[in-house]
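Here is a short briefing to read alongside the model. Have the viewer open and follow the topics in order.

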Amino acid sequence: MECIYRGDLQGVGELMLSSANKLLRERPPISSICPDNTIHQALPYIAVRSLPWLHIAEVVAEEAAARAFRRVGLTGTRYLIQSEVYPEKLAARGLEFVRPNSAEREEINRIIMDELVCGTFTPAAVTYFSNGH
């Protein structure tokens, strides 16, 4: 997270590449999957130096288009929501998107970073997300 806090996407990319290279030494995969939406911002920094990565936003956009969605609501850390990770991939499929407003973004980020990352699932957080935030 230190790289994310500093806005150092190149550094995030280097960490991703280091992890992928460790996997390659153990058992060469066909492609890599990063389950963290936020750090997908760093993929452009390493894409040409690494094995292929499955891009979560591309998969989401593909599925949304296949289901004939016209607009997608975004949620995630403030770092993700402020980025173009999803908007870029959704727009490429002709899909609109809605981002949380600033106050919603901060509360969603707080819930994710202070609770969910720590394995805490409170009724208040579930209610917050269930009410369309």
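Just after helix α6 (residues 85-92), Gly-94 adopts a positive phi of about 75°. Helices (H or I, at least four residues) and strands (E, at least two) are DSSP runs, numbered from the N terminus. The model is predicted, so local features need pLDDT of at least 70 and side-chain atom pairs count only at pLDDT 80 or more, while totals for chains, interfaces and linings use all residues. Residues are numbered from 1 along each chain as its sequence is written, and side-chain values use heavy atoms, with hydrogens and water left out.

**Helix α6 and its partner α4**

- The buried residues of α6 are Val-85, Tyr-86, Pro-87, Lys-89 and Leu-90, where buried means under 20% relative accessible area, exposed over 50%, and partly exposed in between (1.4 Å probe, protein chains only).
- These buried residues pack against α4, β3 (71-73), α5 and β4 (96-98).
- α4 and α6 pack at an angle of about 40°, with their axes 9 Å apart; axes are lines fitted to C-alpha atoms, for helices over the stretch in contact, and angles run from 0 to 180 degrees between N-to-C directions.
- The crossing of α4 and α6 is right-handed: a crossing is left-handed if the near helix is turned anticlockwise from the far one by less than a right angle, and right-handed if clockwise.
- On the α4 side the contact (heavy atoms within 4.5 Å) is made by Ile-56, Ala-57, Glu-58, Val-60 and Ala-61, and on the α6 side by Val-85, Tyr-86, Lys-89 and Leu-90.
- By class, the contact of α4 with α6 has 7 nonpolar, no polar and 2 charged residues; Ala, Val, Leu, Ile, Met, Phe, Trp, Tyr, Cys and Pro count as nonpolar, Asp, Glu, Lys and Arg as charged, and the others, Gly among them, as polar.

- His-55 lies in the loop between β2 (53-54) and α4 (56-66).
- His-55 counts as buried because its relative accessibility is 10%.
- Leaving out residues up to four places away in sequence, His-55 touches His-40, Leu-43, Val-85 and Lys-89.

**Helices α7 and α8**

- The axes of α7 (residues 102-115) and α8 (residues 123-130) come within 11 Å and cross at roughly 140°.
- That makes α7 oblique to α8, since angles under 35 degrees count as roughly parallel, over 145 as roughly antiparallel, 65 to 115 as roughly perpendicular and the rest as oblique.
- α7 passes α8 in a left-handed crossing.
- Glu-104, Glu-107, Ile-108, Ile-111 and Glu-115 of α7 meet Ala-125, Tyr-128 and Phe-129 of α8.
- By class, this contact of α7 with α8 has 5 nonpolar, no polar and 3 charged residues.

**Aromatic pairs**

- How many aromatic pairs does a search of the whole structure find? There are 2, with rings of Phe, Tyr and Trp (its six-membered ring) pairing if their centres lie within 6.5 Å; planes under 30 degrees apart count as stacked, over 60 as edge-to-face and the rest as tilted.
- Tyr-5 and Tyr-79 form a tilted pair, 6.3 Å centre to centre with 50° between the planes.
- That pair links distant parts of the chain, with Tyr-5 in helix α1 (residues 2-6) and Tyr-79 in helix α5 (residues 78-81), 74 residues apart.
- Tyr-5 counts as partly exposed at 48% relative accessibility, whereas Tyr-79 counts as buried at 15%.
- Tyr-128 and Phe-129 form an edge-to-face pair, 6.2 Å centre to centre with 85° between the planes.
- Tyr-128 is buried, with a relative accessible area of 18%, while Phe-129 counts as partly exposed at 28% relative accessibility.
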